[in-house]
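Please look through the structure below. A short walk through its parts follows.

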Amino acid sequence: MPINFFVNHKGTRVGKVKKMSADEMLKTIAMFRYVNPSKHITVCGGRALLGDKQNLIFMAGASGVMVGDYLTVKGAAVKEDLKMIKKAGYIHTDKG
């Protein structure tokens with residue numbers, strides 16, 4: 001089950017929509033985990049909006065993350081994402 005967070009783009013109709021705070025994003029992940037306890041939850045688009053709290057997505061209930069670039073924004077380098085995953089105490093599994 002992918003979770004994507006909205007990334008504002010200036011000049012679009014929804015470009016002025018207030019972005020979610022990192023805490024709101026983490027609570028959203030936790031709510032999805034609570035409602036869907038047996039599902040694999042992957043945090044994808046908009047993950048960069050969490051800033052230095054990205055590693056907390058696993059504590060909030062995410063099973064995995066999309067690494068690299070996303071549909072409309074550039075993501076972190078894959079090496080950096082893998083370091084974050086390892087630092088959080090998890091292992092990388094290639095599902096590709």
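Lys79, Lys83, Lys86 and Lys87 are exposed on one side of helix H3, where exposed means over 50% relative accessible area, buried under 20%, and partly exposed in between (1.4 Å probe, protein chains only). Helices (H or I, at least four residues) and strands (E, at least two) are DSSP runs, numbered from the N terminus. The model is predicted: local features need pLDDT of at least 70, side-chain atom pairs count only at pLDDT 80 or more, and totals for chains, interfaces and linings use all residues. Residues are numbered from 1 along each chain as its sequence is written, and side-chain values use heavy atoms, with hydrogens and water left out.

H3 spans residues 78–87, and its buried residues are Asp81, Met84 and Ile85. These lie on the same side of H3 because they cover an arc of only 100° around the axis, the arc being that of the directions from the helix axis to the C-beta atoms. An α-helix has 3.6 residues a turn, so residues three or four places apart point the same way. The cover over the buried residues of H3 includes helix H2 (57–60) and strand S3 (64–65). Just after H3, Gly89 has a positive phi of about 95°.

Elsewhere, Asn36 sits in the loop between helix H1 (22–35) and strand S2 (42–43). Asn36 is buried, at a relative accessible area of 17%. Leaving aside residues up to four places away in sequence, Asn36 touches Met1 and Ile41, contact meaning heavy atoms within 4.5 Å.

Overall, the protein has 3 helices and 3 strands, in the order β-α-β-α-β-α along the sequence. Of its 96 residues, 33% count as buried.
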